[in-house]
Amino acid sequence: MASRDLVMAVVYFSQTLIGTLGNFSLLHHYTCLHFTKCQSRSTVLILKHLVIANSLVILFRGVPDTLAALGLKDFLSALGCKIVFYVHKVGRGVSMGSTCLLSVFQVITISPGNSRWAKLKLPAPKYISIFSTLCWILHLLLNTIVLIYMTDEHSHKNITYRKEFGYCSRIFQQKSRKILHAALLSLPDALCVGLMLWTSSSLVSILYRHKQRMRHIHKTNILGRFSPETRATKTIILLVCTFVYFYTLSSIFQAFFTLYNNPNRFLVNVAAVVTGGYPTVSPFLLMNRYPSMSCLFLDCARNTKHVML
């Protein structure tokens, strides 16, 4: 086994391990909320979908990539390749959609009474479950194309348009379908990135105006620590930058792989690491964004009436 393959195996394994631990630590807190009947806001439901989707992305791409880097090339059949890539794509889409939904819901929640978001405050929590379900259905349907064109390394070797991914291959019978496929993959990414930027900029603007109005309340704390609004704003900016960075790069790679045959193996490795970047990092950003996430177990054990998320 080449040293480069060993390095990539270590990178894949480390990313998979860290991401899995981060996401499952959040599931631990949600399990606490469920069994102790703690009450929380609708944000928890969105975060549950996000954590599940992140876990699917990490496990269904990180584990096969690690095995392939270690030299195991024929461990998946044609059906196995279809399932692995399909679940990975669905998880990636739902992760993206849940992040956008989280950003939109937060803007609605903290918006002042005279804003355009105010009229949505009461009905919004009722539709969180519906929108989360629709997100899953949309990406389950959108990514059915993966079931058609993914196969193992030994099937359909006489096909002209074939892309190798180390342990699986993607097949295109016509060039015209490549452009359509690239558009289907890139359009949801572009829409979600745009929505995330728009809602997050609105959120930052709301927090900034609130900070200006409440400056006199926090006047005594300015020297000792940042105000809660300032800390929230910095965390939101970090979350948005992380989201846009990883998914913009991922979208570029996906479009490139769709349009060009047999991409360089190094680019495939980099794309795999980039794809797992956001699902790996986001749990830790969420823990920072919602400080009480690290205290939920203690709060539930004490049966507190309010859980600040």
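Modeller: One term before we start: helices here are DSSP runs of H or I, at least four residues, numbered from the N terminus. Also, this is a predicted model.

Biologist: Fine. Where is Leu147, then?

Modeller: Leu147 is in helix α5, which covers residues 144-149.

Biologist: And what does Leu147 count as, for accessibility?

Modeller: Partly exposed. Its relative accessibility is 35%, and that class lies between the 20% and 50% cut-offs.

Biologist: Which residues does Leu147 touch, leaving out those up to four places away in sequence?

Modeller: Lys82 and Tyr86. There is also a distance to Ala78: the C-alpha atoms of Leu147 and Ala78 are 9.7 Å apart. Along the chain, those two residues are separated by 69 residues.

Biologist: Zoom out for me. How many helices and strands does the chain have?

Modeller: There are 10 helices and three strands. The order along the sequence is α-α-α-α-α-β-β-β-α-α-α-α-α.

Biologist: What percentage of the residues count as buried?

Modeller: 49% of the 309 residues.

Biologist: On to helix packing. What describes two packed helices?

Modeller: The angle between their axes, and the distance between the axes.

Biologist: OK, give me α3 and α4. What are the angle and the distance?

Modeller: About 155 degrees, with the axes 9 Å apart. Helix α3 runs over residues 78-110, and α4 over residues 124-142.

Biologist: Roughly parallel or roughly antiparallel?

Modeller: Roughly antiparallel, because the angle is about 155 degrees and the cut-off for that label is over 145. The crossing of α3 and α4 is right-handed.

Biologist: Which residues meet there?

Modeller: From α3, the list includes Tyr86, Val90, Gly93, Val94 and Phe105. From α4, it includes Ile128, Phe131, Trp136 and His139. By type, the contact has 13 nonpolar residues, five polar and no charged.

Biologist: What about α2 against α4? At what angle do those axes cross?

Modeller: Roughly 20 degrees, and the axes come within 9 Å. α2 covers residues 43-69. That angle is under 35 degrees, so α2 is roughly parallel to α4. The crossing is right-handed.

Biologist: Which residues make that contact?

Modeller: Leu45, Ile46, His49, Ile52 and Leu56 on the α2 side. On the α4 side, Ile128, Ser129, Ser132 and Trp136. They divide into six nonpolar, three polar and no charged.

Biologist: Then α2 with α3. How do those axes cross?

Modeller: At roughly 150 degrees, coming within 8 Å. α2 and α3 are therefore roughly antiparallel. Here α2 passes α3 in a left-handed crossing. This contact has 15 nonpolar residues, eight polar and two charged.

Biologist: Which backbone oxygen lies 3.2 Å from a polar atom of the His139 side chain?

Modeller: The one of Gly93. Beyond its neighbours up to four places away in sequence, His139 touches Val90, Gly93 and Val94.

Biologist: New topic. Where is Thr275?

Modeller: In helix α8, residues 265-275. Thr275 is buried, with a relative accessible area of 5%.

Biologist: What does the side chain of Thr275 reach?

Modeller: The backbone oxygen of Ala271, at 2.7 Å. Thr275 also touches Val57, His88, Arg92, Ser250 and Gln254, not counting residues up to four places away.

Biologist: Last one: Phe243. Which helix is Phe243 in?

Modeller: Helix α7, residues 228-259. Phe243 is buried, and its relative accessible area is 0%.

How values were computed. Residues numbered from 1 in each chain as written. Predicted model: local features only at pLDDT ≥ 70, side-chain atom pairs only at ≥ 80, totals over all residues. Heavy atoms only, no water. Helix = DSSP H or I, 4+ residues; strand = E, 2+ residues; numbered from the N terminus. Polar contact = N/O pair within 3.5 Å; in protein donor to acceptor, adjacent residues only side chain to side chain. Contact = heavy atoms within 4.5 Å. Axes fitted to C-alpha atoms, helices over the stretch in contact; angles between N-to-C directions. Parallel < 35°, antiparallel > 145°, perpendicular 65-115°, else oblique. Left-handed = near helix turned anticlockwise from the far one by under 90°. Nonpolar A, V, L, I, M, F, W, Y, C, P; charged D, E, K, R; others polar. Buried < 20%, exposed > 50% of the residue type's maximum accessible area, 1.4 Å probe, protein only.
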